[in-house]
Structures are given as structure tokens and as C-alpha cells.
Amino acid sequence: AAPKEALPLSAGPGNRIHGADISRWQHPNDKPINFIKMHSAGLRFVMIKASDSRQDADRLAVKYIAADRKGAQDAGIYTGFYHYALLPDVSTSSALIKDATVQAQKVIWRLASLGGYNEMDFPYALDLENNCVRYRTNKSCAKRATKSAVTLWAKTFMGAIKLKTGRTPIFYSYPTFLESAMSRD
């Protein structure tokens, strides 16, 4: 195993701490990831897709998380996990809160199945990049959640994770989505 480094002292190219988002897509034909090569190239953390709103995608995420976490940490790479979220097509605040709470519970169970956090884990992240809640047959969006609905769902989800883990979750998205789909809070 590679020696564990203090994260701030592990700056890579451009004097930045480099990391990557990994999921099943980095395992073509079930090939394992070469984390030693990643560490040698300057990566110091990976965010591993560990859960998903959709059951089929969630089952695919489960397939790799334990081995990816161990492989990365054995190579001296810090790890984090993320939940890829899709919002429900519901019309009441209570239904939004219920869905966010159920998805947060899935995250708590997933984290527990991994033995909880260890000293090389970052807090869990919410990956929220889409506010479409209903699609047409041609896959274009027929209905989007309101800004207040997206914000309520995200705050509920993240609050439940923090309450159960004691760690403030990471919010993973992109600026255009944050500005166009959520309320400033």
C-alpha cells in the first residue's frame, strides 16, 4: 500500500489537488481501475458513485464501490461517495420531503453496508444536475420541478444525511443548474 499523505500537501499539476469522479463507466468489461497509476499521475481523491435514485442504476453502482474504495485507499487516494439524484414528479411539499427522506435513507444504508466512514473518506455528496421530472416519448423534458421544489428536496436530503452521519454532505452540480433550477438560500 502507498503511504498515506496529508491531503493539503498532495498538490498535483498546477498546484491543485486533483481528483476524479468514477462509476461503472470506468470499468469496461468489468476491468478494475488502476489506482496506483492514478496516484502516480497526481490524483489524490476519487468520488465514487455509490447510489442512484433509479433502482437499475443503483444496482450497477453497488457492484464496484467496495473494491474501488479499497483499491483507491490502498493506493493512497482519498475517497468520497455520491448519490445521483433524480427528482420525483410530485406536486406537494410533503411528497417531496418524503421522497428526499427515502433517498437519503438509501444513502445511509449504503454507507452502513461499507462499514461507515473511515479516516480516508470525504462526506457523502449529492449529485443533482437535472430538474426534469417528466419526459416525453422522444426523451425531451415535459415538466420541470420549480426552484422551490428543487431547493426543498435538496435541503431535506442533505439535512437527513447530516443528521444521520454527523458530517455535512457535499453538493455536486454545476453553476448553470444552480442559478436556473434552485433558489438562493
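Tutor: Happy to. Let's settle one term before we start: a residue is called buried when its relative accessible area is under 20%, exposed when it is over 50%, and partly exposed in between, using a 1.4 Å probe and protein chains only. The model is a predicted one, so local features need pLDDT of at least 70 and side-chain atom pairs count only at pLDDT 80 or more, while totals for chains, interfaces and linings use all residues. Residues are numbered from 1 along each chain as its sequence is written, and side-chain values use heavy atoms, leaving out hydrogens and water.

Two more terms will carry us through the pairs. A salt bridge here is a side-chain nitrogen of Lys or Arg within 4 Å of a carboxyl oxygen of Asp or Glu. Helices (H or I, at least four residues) and strands (E, at least two) are DSSP runs, numbered from the N terminus. The idea behind the pairing is simple: side chains of opposite charge can pair when their charged atoms come close.

A search of the whole structure turns up nine salt bridges. Let's begin with D30 and K63, whose closest N and O atoms are 3.0 Å apart. D30 sits in the loop between β1 (18–22) and α1 (35–40), whereas K63 belongs to helix α2 (residues 55–74), so this pair ties together parts that are 33 residues apart in sequence. D30 is partly exposed, at a relative accessible area of 44%, and K63 is exposed, at 51%.

Helix α2 also supplies a partner to the next pair. R69 forms a salt bridge with D121, and here the closest N and O atoms are 2.3 Å apart. Because D121 lies in the loop between α3 (93–113) and β4 (125–127) and R69 lies in α2, the pair ties together parts that are 52 residues apart in sequence. Both D121 and R69 are buried.

R134 is in strand β5 and D89 is in the loop between β3 (78–84) and α3, so parts that are 45 residues apart in sequence are tied together. R134 has a relative accessible area of 40% and is partly exposed; D89, at 34%, is partly exposed as well. Elsewhere, salt bridges that share partners join K49, D52 and R54 into one network.

Strands count as paired if DSSP finds at least two bridges between them. β5 (residues 132–135) and β6 (residues 141–144) pair in the antiparallel sense over three bridges, with Y135 opposite C141. Five residues separate the two strands of this hairpin, and K139 in the turn has a positive phi of about 75 degrees. A disulfide (a pair of cysteine sulfur atoms within 2.5 Å) joins C132 to C141, with S to S at 2.2 Å. The link of C132 and C141 is right-handed, with 105 degrees about the S-S bond, and C132 is buried at 4% relative accessibility.

Now for the wider setting. Axes are lines fitted to C-alpha atoms, for helices over the stretch in contact, and angles between N-to-C directions run from 0 to 180 degrees; contact means heavy atoms within 4.5 Å. Five strands form an open sheet in the order β1-β2-β3-β4-β7, with parallel pairing. β1 and β7 (170–172) stand at the edges with a single partner strand each, so one side of each is left without a neighbour in the sheet. From one strand to the next, the twist averages 30 degrees.

β1 pairs in the parallel sense with β2 (residues 43–52) over five bridges, and G19 stands opposite F45 in β2. Helix α4 (residues 147–165) lies across β3, β4 and β7, running at about 155 degrees to β4. Finally, the axes of α3 and α4 come within 8 Å and cross at roughly 35 degrees.
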